[in-house]
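Please open the model in your viewer and keep the selection panel at hand.

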Amino acid sequence: MRVTQSMLSSNMMKNLTSSLSRLDKLNTQVATQKKITKPSDDPVVAMKGIVYRRSLQEVEQFQRNFSEAYNWVENTDSSLDKAKLAMDRIRELVVQTSNDTYDAEQREATKAEVVQLKEHLLEIANTKFGEKYLFNGTATTTKPVEGTATGATVSSNAGKAELELSKGVHIQVNITAAEAFPAGLFEDVQKIIDTLEDDTTTGADLSGLLEDLDVHMENNSTARAKIGARFNRIELMEARAAEQRVVASRILSENEDVDFEQVVTDLTVQETVHKAALSVGARIIQPSLMDYLR
């Protein structure tokens, strides 16, 4: 086969174009530090990237849910703690007054403080986190406790406020009003107020109310234990989610990111090859007048 000047020119241009293409690809990889810039560059890498990125996005969404979960359980525990302090103070006042050494004026002062503590308990029961009531189950936009002059109406909503903290795993983050602030609590506190107001009652009458108050304090402790257990589980799940994010990020990086040192080396080599091809091509192709007459 006769090799003509046009064949040499054509082959040289084809090889130079191929070299430039490789040079451009390596240069793009160095600039972006990614193996591909569009799916057609490598469909397999692109498809895997979609799957890995979705997995990473799921983990990141769950991590955002942890902030919401912590807000629920921490605010709930804080509210229950304040309720316990109020009940502790009521119990202390009842014990002090039940020794029959308090006169009518002192009993009236004690009654006034218990009235305020009852109002404080009502406020705690209606604690809001943002625009949501903590202790009304799934009815988070409605007050769980409506106070009256002598007692309180407590919501019976026992719904679970749950957050998805891992794929398919939902954790309850609330305590219901029935668990932490049952109607009997406010009724029993009102009995203490009524007993203090009645001058005919004795210390023994007051002491008889302590047992019911102790039951409510035990309920408070039980509710705090529940929310504490959930808090511990949330912490464990958060640690696991953090590990999953690291793994998902690493897998995504391994799939899409280039080996920077290797690509820089390859680019340097390709630049040398391309310069050599240009130099050789310039010597091989010697255009003459006959080339243009053919």
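How many aromatic pairs does the count come to? The count comes to three aromatic pairs, where rings of Phe, Tyr and Trp (its six-membered ring) pair if their centres lie within 6.5 Å, and where planes under 30 degrees apart count as stacked, over 60 as edge-to-face and the rest as tilted. Before selecting them, note that this is a predicted model, in which local features need pLDDT of at least 70 and side-chain atom pairs count only at pLDDT 80 or more, while totals for chains, interfaces and linings use all residues. Residues are numbered from 1 along each chain as its sequence is written, and side-chain values use heavy atoms, with hydrogens and water left out.

**Ring pairs**

Select Trp72 and Phe129, whose ring centres are 6.0 Å apart with planes at 70 degrees, so the pair is edge-to-face. This pair links distant parts of the chain, since Trp72 belongs to helix 2 and Phe129 to strand 1 (residues 128–129), 57 residues apart; helices (H or I, at least four residues) and strands (E, at least two) are DSSP runs, numbered from the N terminus. Both Trp72 and Phe129 are buried, where buried means under 20% relative accessible area, exposed over 50% and partly exposed in between, with a 1.4 Å probe and protein chains only.

Next select Phe135 and Phe181, an edge-to-face pair with 5.1 Å centre to centre and 80 degrees between the planes. Phe135 lies in the loop between strand 2 (132–133) and strand 3 (145–147), and Phe181 in the loop between helix 4 and helix 5, 46 residues apart. Phe135 and Phe181 are both buried.

Around Ile234, show the contacts (heavy atoms within 4.5 Å) with Phe66, Ala69, Tyr70, Val73, Leu165, Ile171 and Val173, not counting residues up to four places away in sequence.

**The cavity**

What lines the largest cavity? Select Phe62, Leu165, Ser166, Met237, Arg240, Ala241 and Gln244 to show its lining. Helix 7 gives the most to this lining, with four residues.

**Two loop residues**

Move to Thr176, in the loop between strand 6 (169–172) and helix 4 (177–180). Thr176 is buried, with a relative accessible area of 5%, and touches Phe135, Asn157, Ala158 and Gly159, not counting residues up to four places away in sequence.

Finish at Ser98, in the loop between helix 2 (43–97) and helix 3 (104–125). Is Ser98 buried or exposed? At 16% relative accessibility Ser98 counts as buried, and its contacts, not counting residues up to four places away in sequence, are Gly203, Ala204, Leu206 and Ser207.

Key. 1 Å grid on protein atoms, 1.4 Å probe; cavity = no way out; pocket = protein on both sides within 12 Å on 5 of 7 lines; lining within 4 Å.
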